[in-house]
Amino acid sequence: MQRVVVFGTTGSGKSWLAERLATRTGLRLVELDRLYWGRDWQPAPVDLFRYRVENEIRDGGWIVAGNYGQVRDLTWRAADTLVWLDLPLPLVMARLVRRTLRRAVTKEELWGTGNRETFANAFLSRQSILLWAFRTHRRNRRRFAEESGHYGDGKRIVRLRSPRDVERFVAGHFCLPERREGSFAVPTKDPSLRSG
């Protein structure tokens with residue numbers, strides 16, 4: 001496990017898990033949000049974003065945190081392990097509301113860009129991250145199942161479906177048993193991976 005992609009729907013805990021794994025393994029953390037977002041929430045042009053990602057994953061071991069379709073072909077193909085945070089929507093929403101409130105109250109700057117989450121953007125905007133998470137959770141689950149099958153050949157795919165699964169994975173991620181019907185290291189050809 002030297003090149004790892006941690007993915008999941010908005011608010012699933014990708015950055016948190018990737019940071020824990022990076023600390024435990026000594027692998028370099030690559031946050032896709034940091035490479036994508038500029039000041040005033042301006043996204044990087046696709047060519048620039050892809051260039052940044054290619055540079056970050058070119059050499060050595062790493063843990064990538066993020067879900068950007070524009071670079072999935074780069075990150076997932078280069079990875080030896082795909083870790084899917086497939087948590088239930090109510091849990092994701094509860095965590096996302098807490099995180100968003102904390103960020104809005106503390107005015108936490110995100111990714112060195114000067115960007116901050118605000119109450120207005122989070123709760124009163126059509127671009128609300130909360131609304132986005134609610135609307136895309138089911139669609140992302142289906143898409144991630146399909147794309148895991150597409151990009152997953154020859155890779156270890158770890159599907160974590162509960163906080164307990166996540167804790168068990170972090171505590172002993174190098175020696176997890178394979179379980180076809182459960183979460184952990186699911187073989188790519190396993191129908192349970194594609195069922196979402």
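Buried here means under 20% relative accessible area, exposed means over 50%, and partly exposed lies in between, with a 1.4 Å probe and protein chains only. A reminder to myself on the two sides: in a regular strand the side chains alternate between the two faces of the sheet.

A note on the source before going on: this is a predicted model, where local features need pLDDT of at least 70, side-chain atom pairs count only at pLDDT 80 or more, and totals for chains, interfaces and linings use all residues. Residues are numbered from 1 along each chain as its sequence is written, and side-chain values use heavy atoms, with hydrogens and water left out.

How many residues of strand 4 (residues 81–85) are buried? I found 5 of the 5, so the strand is largely enclosed by the rest of the structure. Helices (H or I, at least four residues) and strands (E, at least two) are DSSP runs, numbered from the N terminus.

Next I looked up the pairing, where two strands count as paired if DSSP finds at least two bridges between them. Strand 1 (residues 3–8) runs parallel to strand 4 and is joined to it by 5 bridges. Within this pairing I noted F7, whose bridge partner in strand 4 is W84. Strand 5 (residues 156–160) also pairs with strand 4 in the parallel sense, over 5 bridges. There I picked out T81, which has R156 as its bridge partner in strand 5.

**Entry: salt bridges**

I then searched the whole structure for salt bridges and got 9. The criterion is a side-chain nitrogen of Lys or Arg within 4 Å of a carboxyl oxygen of Asp or Glu.

I looked at R20 and E167, whose side chains meet at 2.9 Å, N to O. This pair links distant parts of the chain, with R20 in helix 1 (residues 14–25) and E167 in helix 8 (residues 163–172), 147 residues apart. R20 is partly exposed at 27% relative accessibility, and E167 is partly exposed at 38%.

My next pair was D86 and R141, with the closest N and O atoms 2.7 Å apart. D86 is buried, at 6% relative accessible area, whereas R141 is partly exposed at 23%.

I also checked R102 and E108, which form a salt bridge with the closest N and O atoms 2.7 Å apart. R102 is partly exposed at 42%, and so is E108 at 28%. Tracing shared partners, I found D86, R141 and R159 joined into one network of salt bridges.

**Entry: a positive patch**

Which residues form the positive surface patch? I listed R138, R139, R142 and R143. Patch members have over 30% relative accessible area and no salt bridge; like charges are joined within 9 Å, and nonpolar side chains (Val, Leu, Ile, Met, Phe, Trp, Tyr) within 5 Å. R138 sits in helix 7 (residues 129–151) and counts as exposed at 64% relative accessibility.

**Entry: one last distance**

I finished with S15, which is in helix 1 and partly exposed at 26% relative accessibility. Its C-alpha atom is separated by 9.5 Å from that of D33, 18 residues apart along the chain.

How values were computed: Accessible areas come from the Shrake-Rupley method with a 1.4 Å probe; for residues, only the protein chains shown count as cover. Lys and Arg count as positive and Asp and Glu as negative; His and the chain ends are not counted. The place of a charge is taken as NZ of Lys, CZ of Arg, CG of Asp or CD of Glu.
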